[in-house]
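Trainee: Please pick one part of this model and take me through it slowly. I'd like to hear about salt bridges.

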Amino acid sequence: MTGAGVRDPGLQPERTRLAWRRTTLTATVVTVLAARSAFQDGEGAAGPVACALCVLVWLGLLAVAHRRIQELTGDPVDPPRLMVWAAAVGTLCAVGLAVCAAAVVF
């Protein structure tokens, strides 16, 4: 095969690693902004508690992302599939982070 039919097996895992890194960077920015908002408003204990929950959810997302990035650095031709539990945890962490951040903002 030539031209468009040739597949480079190393590109898809690389793009996936970069996507996980972008996701963790975005989650980090959201967590930092939520923490800043929680401690600037000074509305009692609700802000710091929501901030602590944001940080816990963020750490969970970082753990899942780090594990997946490490899995993708192995065999570029046939990387392991994302486990269902890891996808579920990553999704729950992303949704939880959005909810915590919204609670801090509003």
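**A closer look at the salt bridges**

Mentor: Let's start with Arg67, which is partly exposed at 44% relative accessibility. That label sits between buried (under 20% relative accessible area) and exposed (over 50%), using a 1.4 Å probe and protein chains only. Keep in mind that this is a predicted model, where local features need pLDDT of at least 70, side-chain atom pairs count only at pLDDT 80 or more, and totals for chains, interfaces and linings use all residues. Residues are numbered from 1 along each chain as its sequence is written, and side-chain values use heavy atoms, leaving out hydrogens and water.

Arg67 pairs with Glu71 in a salt bridge, with their closest N and O atoms 3.5 Å apart. The term means a side-chain nitrogen of Lys or Arg within 4 Å of a carboxyl oxygen of Asp or Glu. Both residues belong to helix 2 (residues 46–72) and are four residues apart, about one turn. Helices here are DSSP runs (H or I, at least four residues), numbered from the N terminus.

Glu71 is partly exposed too, at 23%, and it also bridges to Arg68, with the closest N and O atoms 2.9 Å apart. Those two sit three residues apart in helix 2, so about one helical turn separates them. Arg68 is buried, at 9%. Together, Arg67, Arg68 and Glu71 make a linked network of salt bridges.

Searching the whole structure turns up three salt bridges. One of them joins Arg17 and Glu14, at 2.3 Å from N to O. They're three residues apart in helix 1 (residues 11–41), so about one helical turn lies between them. Arg17 is buried at 13%, while Glu14 is partly exposed at 31%.
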